[in-house]
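Hi,

Here is the structure I promised to pass on. Have a look at it first, and then read on for what turned up in it.

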Amino acid sequence: MQEIIESVGIDIGTSTTQLIFSRLVMENLTSGYSVPKITIVDKEITYRSSIYTTPLRSETEIDAKRVSEIVRTEYQHAGKRPEDIQTGAVIITGETARKKNASAMLEALSAMAGEFVVATAGPDLESVLSARGAGTDTLSAKERCTVANLDIGGGTTNIALFHKGTLAGVSCLDIGGRLIKLQDGKITYIYQKIAALADEHGISVKTGDRADIGTLEKICGLMADQLAQALHLKRMEPDHQQYYTNKGKPLGTEPEVQAVTFSGGVADFVYEPGTEDVFRFNDIGILLGRAVAMHPAFRNIRTFRAKETIRATVIGAGNHTTEVSGSTISYNIARFPIKNIPIVRVEIENETTAEGVIESLQRQIPMYFAEGKPEQLALALSGNGWTSFREIQKLAESICAGGKAVLESEFPLIVILEQDIGKVLGNALRYRLGNEKEIICLDSIAAKSGDYIDIGVPVANGRVIPVIIKTLIMNS
């Protein structure tokens, strides 16, 4: 039997703002005599909004009123109401995420967009979503190779690396098509890092200068060179590290990049450089796309066409944020949804013994206290090796001992497992705690310390809970 979940993706980027609405189909893939395994079997985009220029009140502030009007208008065009939406994402990306009212904008949109919509501006998550929207993960699995997607937007380039379909790394650089802006043939804005990059290479450029194509082509060539270095297609220069967003980390040298895809607003001009007016968007986006296309490193590596370019991130946000929990879950709580819960993950090496579980939780949990007071946390384990009834009882005992601070708090005990033991462990915890503590025990979900989880309203007659795992800490 199938169940439908309605999803929305809202992307407020440096250059553009857009929405998509999707329908996610869940189905039990096992027979009636087996343990149910409910998964998302189909994803269909039901509505694509127009692409709007992101409205700003100034260089430092988003026009929140205008953005809200855009969202309301597109909801009406799609025939949707906020209460129709069960999952999805609102993300503020690139340069726009740095605006001083970005957080307030997210909160307002999250309230509008339904009961269970994640709101985040995390570059790591954006890298993954844009790559999945571009189809890079599927392409990497099909070709059995390592493919990097470069989502080149107005303010940043988000990179996600997939090895045979599995995510192998993410990074984000301050390289984008609107880091130099133009008006009436003159330069009106230069992002400080790009001004420094030009200066280091002896190129004089400043606001008020005439927009000289030759000069700006040289700067775009330097920006493309930084992207090549980020993929280890060229030796990294000593100053390369400074171009990563929020002092993030580069990709590792392994696995080696074997192919690339491009998404984002600049991508169309990588695939098809064209000869039209290069300044028609009053920025350097077209020149940057051409520079990437002509760079020797990118000319000499296999290039695939992305499924989506400018819409990749919003499609990823609407279609690829949600996972579903396993079908052997346990919970005795009615307060859904629960959002932005920090995850404490027991290290793999500590998980092999009860003592290791206790030590890991006791050591890590206080790191998440606010002013010495417990906050809502989720405890994560793989569950490997804890399969027999006796072992699961021992694991429950270890979680209670190591997570004593959580048990003594006002918040529910949330446990996330990779292995399919959620129901048994949840029952063991409930028995041990005498039904006096609210418990959520989810399985078939992978997470790590530093991630956050959103837990949605149970669906499929309460048998499945949709979740979103978010990486909000840059390049963790």
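Let's start with a pair of residues in a sheet: in strand S10, the bridge partner of Thr146 is His163. Strand S9 (residues 146-152) and S10 (residues 157-163) pair in the antiparallel sense over seven bridges; two strands pair if DSSP finds at least two bridges between them. The names come from DSSP runs numbered from the N terminus, where helices are H or I with at least four residues and strands are E with at least two.

Before going further, a word on the source. This is a predicted model, in which local features need pLDDT of at least 70 and side-chain atom pairs count only at pLDDT 80 or more, while totals for chains, interfaces and linings use all residues. Residues are numbered from 1 along each chain as its sequence is written, and side-chain values use heavy atoms, with hydrogens and water left out.

Back to the sheet. S9 and S10 belong to an open sheet of five strands with mixed pairing, in the order S11-S10-S9-S14-S15. Its edge strands are S11 (166-173) and S15 (302-303), each of which pairs on one side only. Helix H3 (residues 123-134) lies across S9, S10, S11 and S14 (259-263), and runs at about 65 degrees to S10. For such angles, axes are lines fitted to C-alpha atoms, for helices over the stretch in contact, and the angle runs from 0 to 180 degrees between N-to-C directions.

Another pairing to look at is that of S1 (residues 2-12) with S7 (residues 87-92), which is parallel and has six bridges. There, Ile12 has Ile92 of S7 as its bridge partner. S1 is mostly covered, with eight of its 11 residues buried. Buried means under 20% relative accessible area, exposed over 50%, and partly exposed in between (1.4 Å probe, protein chains only).

Now for two helices. H5 (residues 192-200) and H6 (residues 213-230) pack at about 105 degrees, with their axes 10 Å apart. That makes H5 roughly perpendicular to H6 (angles under 35 degrees count as roughly parallel, over 145 as roughly antiparallel, 65 to 115 as roughly perpendicular and the rest as oblique). Ile194, Leu197 and Ala198 of H5 make the contact with Ile219, Leu222, Met223 and Gln226 of H6; contact means heavy atoms within 4.5 Å.

Which residues of H5 are buried? They are Lys193, Ile194, Leu197 and Ala198. These cover an arc of only 140 degrees around the axis, which puts them on the same side of H5; the arc is that of the directions from the helix axis to the C-beta atoms. They pack against S12 (180-183), S13 (186-190) and H6. The face turned away from the buried side of H5 carries the exposed residues Gln192 and Asp199. Just after H5, Gly202 has a positive phi of about 75 degrees.

At 1% relative accessibility, Gln226 counts as buried. Leaving aside residues up to four places away in sequence, Gln226 touches Leu173, Ile175, Leu197, Glu237, His240 and Tyr243.

Last stop: Asp420, in the loop between S20 (413-417) and H14 (422-433). Asp420 counts as partly exposed, at 42% relative accessibility. Its C-alpha atom is separated by 9.6 Å from that of Ser325, 95 residues apart along the chain.

Over to you!
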